[in-house]
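Subject: Structure for your review

Dear colleague,

Please find below the structure that I am handing over to you. My notes on it come after the display.

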Amino acid sequence: MAEPRVRETTDEGARDLQDEATGVDAAAICADLIRFDTVNRGEGVAHPERPAAEHVAALLDEAGVAATIVESAPGRASVLARIPGSDPAHPAFLVHGHLDVVPADPSEWSVPPFSGEVRDGCVWGRGAVDMKGTLAMTLATVRRRLREGRRTRGDLVLAFLADEECTGDHGSRYVAREHPEFFAGCTEAISESGGFSVHAGGRRVYPIATGERGTTWMRLTARGTAGHGSKPAPDNAVAEIAHAVSRIASYEWPVRLTPGVHALLDGLADALDTTIDHDRLDAEARRLGGVGQLFSGTIRNSANPTRLDAGYKINVVPGVATAQVDGRYLPGTGEEFLATIDRLLGPRVTREFLNYEEAPAADPAGGTFAALGAALRAEDPAARPVPYVMAGGTDAKSFHRLGIASFGFAPLLLGPDLDYFGMFHGVDERVPLEGLAFGTRVLDRFLDTR
Ligand SMILES: [Zn+2]
């Protein structure tokens, strides 16, 4: 690797050309990555990430980085790399993202979803937004920095992971458990779901994720006396599970304003020059439109019944009935959430966890959040960065187990007509070339602060 040298800032023309070249590199890498079909259907059914992982490793190799490909199972590959910083005593910093994508039905799309076609100023295809575009920006930015001999102060750790669109068992969970040495000294990270522009009232808000709701996927079980369908059955397992599911589904979870959501509401009120009534947050979310989605799903816990299974014959009362519930709880409310669930289940239904993940939270008042916001404002002086909490989950949960706090930061400047949230797992997913170029400039500036 080349020795670090001072960044050439006096020659703005040359710098602009380099910026432009990095944006072009990101768009090309994005299109190439989309062409690798890394569809993850969930429940362990996925196309292997290995070919895409080898492509990423080759791009890093070209830049002089010896990347390591690890596999949890044949083909389920992730790429890990650690680029030494200039100061071994400085904390390392992690940039992580996922190689897999959700399925796409070609009949619904305007272009073949794995074509990586460039049309109307956008790269089109499954994963353009979630999140091969971000991987491409990261790769293009890192390649440029290495070409120019610019290192971060601490080590820069890169992780391109399999299986985020399922449980991460073949990706983030696997590498966190089996290869923690790659992440030694990392305390903070950036990854998906944040740093993009949301247009509101002529202003550009950039939400940066500082946390996620925790995940509790539960199997509920009711047991009763098995018997003939014509006989009285006071402890009918099917009826018991139905009652419990009904109680959970109809429960109105109270609003819980956690510090992360409070920080978002304050930030939004300030950015939009409005007041937000904390006593009518559902109505306020509707009033605020796109930015209202930033908190509509994170002002309370939730539990949705998603599966039911009982019985095998109409005239036989089964002894067991089960259901599955997808529960999500805000940081700091895990105990309250489970106490409520247990009250709703009642004494005759038991629960077990199929998946339990803590709710990670990063500090919206710390230096890293400030540096992320400053990098955005340097490239978009109208940018209004705000912290927000994600309703769902990402690989950040796996790295939380290693003591690493992740910020959702995949910077993109989007036109007001592009619905970023709608394109996540949506039809005609696409990312503007301009947005990718913007993102590489923001990432580059942010990495200068690490
Ligand atoms: Zn994603």
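The notes below take the metal site, the sheets and the helices in turn.

This is a predicted model, in which local features need pLDDT of at least 70 and side-chain atom pairs count only at pLDDT 80 or more, while totals for chains, interfaces and linings use all residues. Residues are numbered from 1 along each chain as its sequence is written, and side-chain values use heavy atoms, with hydrogens and water left out.

The zinc site

The zinc ion has as its protein donors His98 (NE2), Asp130 (OD) and Glu192 (OE), which lie 1.8 to 2.1 Å from it. Donors are N, O and S atoms within 2.8 Å of the metal (3.2 Å for Na, K and Ca); water is not among the atoms, so sites may look incomplete. Along the chain, the donors follow the spacing H-x31-D-x61-E. His98 belongs to strand S5 (residues 92–98) and Glu192 to the loop between strand S9 (186–191) and strand S10 (198–200), so this pair ties together parts that are 94 residues apart in sequence. Helices (H or I, at least four residues) and strands (E, at least two) are DSSP runs, numbered from the N terminus. Both His98 and Glu192 are buried, where buried means under 20% relative accessible area, exposed over 50%, and partly exposed in between (1.4 Å probe, protein chains only).

An open sheet of three strands has the order S6-S7-S20, with antiparallel pairing. Two strands pair if DSSP finds at least two bridges between them. Strand S6 (118–119) and strand S20 (430–432) stand at the edges with a single partner strand each, so one side of each is left without a neighbour in the sheet. Strand S7 (residues 122–124) pairs with S20 over three bridges in the antiparallel sense, and Val123 stands opposite Val431 in S20.

Helix H1 (residues 12–35) packs on this sheet, touching S7 and S20, and its direction makes about 15° with that of S7. Contact means heavy atoms within 4.5 Å. Axes are lines fitted to C-alpha atoms, for helices over the stretch in contact, and angles run from 0 to 180 degrees between N-to-C directions. Helix H13 (residues 433–447) lies across S6, S7 and S20, at about 65° to S20. H1 and H13 pack at an angle of about 120°, and their axes are 8 Å apart. Among the residues that meet there are Ala26 and Cys30 in H1, and Leu436 and Thr440 in H13.

Strand S4 and its partners

Six of the seven residues of strand S4 (residues 77–83) are buried. Strand S3 (residues 68–71) pairs with S4 in the antiparallel sense over four bridges, and Glu71 stands opposite Ala77 in S4. S3 and S4 form a hairpin with five residues between them, and Gly75 in the turn has a positive phi of about 90°. S4 also pairs with strand S8 (residues 156–161), in the antiparallel sense over five bridges, with Leu80 opposite Ala159 in S8.

Ala57

Ala57 is found in helix H2 (residues 50–62) and is buried, with a relative accessible area of 12%. Leaving aside its neighbours within four places in sequence, Ala57 is in contact with Ala67, Ile69 and Val79.

Yours sincerely
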